[in-house]
Amino acid sequence: MITIQQLQKSFGDHHVLRNIDLEIPTGQSIGIVGPNGSGKTTLIKTMLGLVKPDSGTITINNTVLNGNHIYRRDIGYMPQQARYPENMYATELFDFMENLRDQPGEFRNQLIEEFNLYSEVEKPLRVLSGGNRQKVGAVLAMMFNPSILFLDEPTAGLDPRSSYIFKERIRNEKRAGKTILITSHIMSELEQLVEHVVFILEGKIQYYGTIGDLLKDNRQDHLEGAIAQMMEGVEL
Ligand SMILES: Nc1ncnc2c1ncn2[C@@H]1O[C@H](COP(=O)(O)OP(=O)(O)OP(=O)(O)O)[C@@H](O)[C@H]1O
């Protein structure tokens, strides 16, 4: 269970998150949607302890976030744009993470096989294509079998086959009971992956509920139309 209460965050005089209250039950998969700059990544980063909120509390699996990062062992995070030690090979990076955690990545080889990354992991990270860098990020996020996944625009830059494989993987993680948060601007993709959405506009949660209810409320057949309508505040 993830519980967020009265979360506030400003960067200078830019109030990015405003009184965010959110309760995400264990095993729920949620799409976080909203316009560019609405605070989606900032919200994820506060849950990871990478951005310090100005006020409010976050509780993840009964741990109140207070600067101790041990709870993060159970979270797999795939950032929008991963920054790596560029001269390292991916395989060295995976070894490094295993040594740091003193834990073998139980899904490491399976993920490398699924993403067909065998030859790529033997190259320095700086020479990898954008899509292959994404796949390395996916391996890092999931290799330790965490119970929570934060995926920030995970399929951006993936070719159709890789994107399909990745979505299959996410569906498997869901079936395994993981709690999954995905930000994406591809609404059709979210329809395939999640039942619930959080819609953020100007740092406030405007909607949290099922996609089905959102479509009904907005008299739309697809998430894209419903979200576009909510962004505009007018019926399309
Ligand atoms: N470290 C920072 N310092 C200053 N401003 C920041 C910082 N991080 C984020 N912001 C600002 O906070 C706002 C929200 O950014 P955020 O990345 O959370 O948006 P987003 O909803 O994820 O956007 P996108 O859909 O474009 O990825 C933006 O205006 C951004 O410029």
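Which residue in strand 2 is the bridge partner of leucine 7? The partner is isoleucine 20. This is a predicted model: local features need pLDDT of at least 70, side-chain atom pairs count only at pLDDT 80 or more, and totals for chains, interfaces and linings use all residues. Residues are numbered from 1 along each chain as its sequence is written. Helices (H or I, at least four residues) and strands (E, at least two) are DSSP runs, numbered from the N terminus.

**The annotated stretch**

- UniProt lists residues 2-227 under "domain: ABC transporter", in an unreviewed entry.
- UniProt positions are given in the numbering used here, feature names are shortened, and annotations may be inferred rather than shown by experiment.
- Over residues 2-227, the chain is 34% helix and 27% strand.

**Strands and hairpins**

- Strands of a sheet pair through backbone hydrogen bonds, either parallel or antiparallel. Here, two strands pair if DSSP finds at least two bridges between them.
- Strand 1 (residues 2-11) is antiparallel to strand 2, and seven bridges link the pair.
- Strand 1 and strand 2 form a hairpin with two residues between them. Glycine 12 sits in that turn and has a positive phi of about 60°.
- Strand 4 (residues 55-60) joins strand 5 through two bridges, again antiparallel. Threonine 59 stands opposite valine 64 of strand 5.
- Strand 9 (residues 196-201) and strand 10 (residues 204-210) are an antiparallel pair with six bridges. Phenylalanine 199 faces tyrosine 207 of strand 10 across this pairing.
- The hairpin of strand 9 and strand 10 also has two residues between its strands. Glutamate 202 in this hairpin takes a positive phi near 50°.

**The nonpolar core**

- In soluble globular proteins, nonpolar side chains tend to be buried together.
- A nonpolar core is a set of buried Ala, Val, Leu, Ile, Met, Phe, Trp, Tyr and Cys residues joined through C-beta atoms within 7 Å.
- A residue is buried if 20 or more other C-beta atoms lie within 10 Å of its own, exposed if 12 or fewer, and partly exposed in between; C-beta atoms are placed from the backbone.
- The largest nonpolar core holds 57 residues. Val139 and Phe150 have the most contacts inside it.
- Helix 4 (residues 130-142) gives the most to this core: six residues.
- Phenylalanine 150 is in contact (C-beta atoms, placed from the backbone, within 7 Å) with Ile44, Met47, Leu48, Ile75, Tyr77 and Leu181. That list leaves aside neighbours within four places in sequence.

**Around the ligand**

- A residue is near a molecule if its C-beta atom, placed from the backbone, lies within 6 Å of it.
- The residues around the ligand are Phe11, His14, Val16, Gly34, Asn36, Gly37, Ser38, Gly39, Lys40, Thr41 and Thr42.
- Strand 2 (14-24) and helix 1 (40-47) each supply at least two residues of this shell. Helix 1 has the largest share, with three residues.
- By class, the shell has two nonpolar, eight polar and one charged residues. Ala, Val, Leu, Ile, Met, Phe, Trp, Tyr, Cys and Pro count as nonpolar, Asp, Glu, Lys and Arg as charged, and the others, Gly among them, as polar.

- Glutamine 6 lies in strand 1. Its phi is near 50°, a positive value in a residue other than glycine. Glutamine 6 counts as exposed because 12 other C-beta atoms lie within 10 Å.
- Aspartate 102 sits in the loop between helix 2 and helix 3 (108-114). Its phi is positive, at about 55°, although it is not a glycine. Aspartate 102 has 6 other C-beta atoms within 10 Å, so it is exposed.
- Arginine 83 is in the loop between strand 6 (75-78) and helix 2 (90-101). Arginine 83 is exposed because it has 8 C-beta neighbours inside 10 Å. Arginine 126 is 43 residues away along the chain, with 10.0 Å between the two C-alpha atoms.
- Threonine 57 belongs to strand 4. With 13 other C-beta atoms within 10 Å, threonine 57 is partly exposed. Leaving aside neighbours within four places in sequence, threonine 57 is in contact with Gln5 and Val64.
- Threonine 57 and glycine 157 are 100 residues apart in sequence. Their C-alpha atoms are 34 Å apart in space.

Key. Two residues are in contact if their C-beta atoms, placed from the backbone, lie within 7 Å.
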